[in-house]
Amino acid sequence: MDCLFCKIVNGEINSYKIYEDDVVFAFLDINPDSAGHTLIIPKKHYLDLDDIDLDTLTHIMKVAKMLKLRIEEKLNCDGLTLIQNNGLVQEVKHFHLHLKPFYKIKKDKTLEEVYNLLK
Ligand code: AMP
Ligand code: ZN
């Protein structure tokens with residue numbers, strides 16, 4: 001299957017990986033809305049919220065709780081939004097959860113700088 005995020009999971013395409021376990025893979029969004037914008041994806045290919053099973057979804061949320069704390073601690077953000085797109089608004093057709101930090105005062109950091117803080 002020609003899926004961008006499956007290729008990231010199996011290493012065919014490079015990413016700024018900040019967390020990995022048996023079930024999930026988390027990496028920095030290549031076009032971040034803010035410093036620390038992260039995507040959590042299941043290693044197995046699921047299309048969207050209808051397709052994914054509850055055990056995998058629960059695991060993704062556990063990892064989201066853990067990474068939220070890491071992002072808050074390392075990047076000192078003032079808030080953090082979780083987003084999961086489906087259908088027309090979903091660009092990449094492999095389930096993913098966005099973690100988007102919010103800053104009162106915008107902080108410009110390169111992906112490399114953010115990666116070195118979060119890895
Ligand atoms: P969505 O609209 O929810 O499908 O968002 C897809 C996200 O994937 C966007 O925020 C993109 O910037 C991000 N993205 C696309 N290609 C890559 C890539 N190679 N590495 C990291 N993030 C990517
Ligand atoms: Zn996939």
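The legends below describe close-up views of a predicted model.

**View 1. Overall chain.** The chain holds three helices and five strands (DSSP runs numbered from the N terminus, helices being H or I of at least four residues and strands E of at least two). Starting at the N terminus, the order of elements is α-β-β-β-α-β-β-α. The C-alpha trace spans about 40 × 30 × 25 Å along its principal axes. A compact globule of 119 residues would have a radius of gyration near 14 Å, and the 14 Å of the chain agrees with this (taken over C-alpha atoms, with the globule rule 2.2 Å times the number of residues to the power 0.38).

View 2. Five strands in the order 1-2-3-5-4 make up an open sheet with antiparallel pairing (two strands pair if DSSP finds at least two bridges between them). Strand 1 (17-20) and strand 4 (79-83) are the edge strands, each pairing on one side only. On average, neighbouring strands are turned by 20° against each other, direction ignored (axes are lines fitted to C-alpha atoms, for helices over the stretch in contact, and angles run from 0 to 180 degrees between N-to-C directions).

**View 3. Strand 3 beside strand 5.** Three bridges join strand 3 (residues 38-42) and strand 5 (residues 97-102) in the antiparallel sense. Ile40 has Leu97 of strand 5 as its bridge partner.

**View 4. Helix 3 on the sheet.** Helix 3 packs on the sheet and touches strand 1 and strand 2 (24-28) (contact means heavy atoms within 4.5 Å). The direction of helix 3 makes about 135° with that of strand 2.

**View 5. Helix 2 against helix 3.** The axes of helix 2 (residues 54-75) and helix 3 (residues 111-118) come within 9 Å and cross at roughly 110°. Helix 2 contributes Arg70, Ile71, Lys74 and Leu75 to the contact, and helix 3 contributes Val114, Leu117 and Leu118. These residues divide into five nonpolar, no polar and two charged (Ala, Val, Leu, Ile, Met, Phe, Trp, Tyr, Cys and Pro count as nonpolar, Asp, Glu, Lys and Arg as charged, and the others, Gly among them, as polar).

**Notes.** Residues are numbered from 1 along each chain as its sequence is written, and chains are lettered from A and ligands numbered from 1 in the order in which they are written. Local features need pLDDT of at least 70, side-chain atom pairs count only at pLDDT 80 or more, and totals for chains, interfaces and linings use all residues, while side-chain values use heavy atoms, with hydrogens and water left out.
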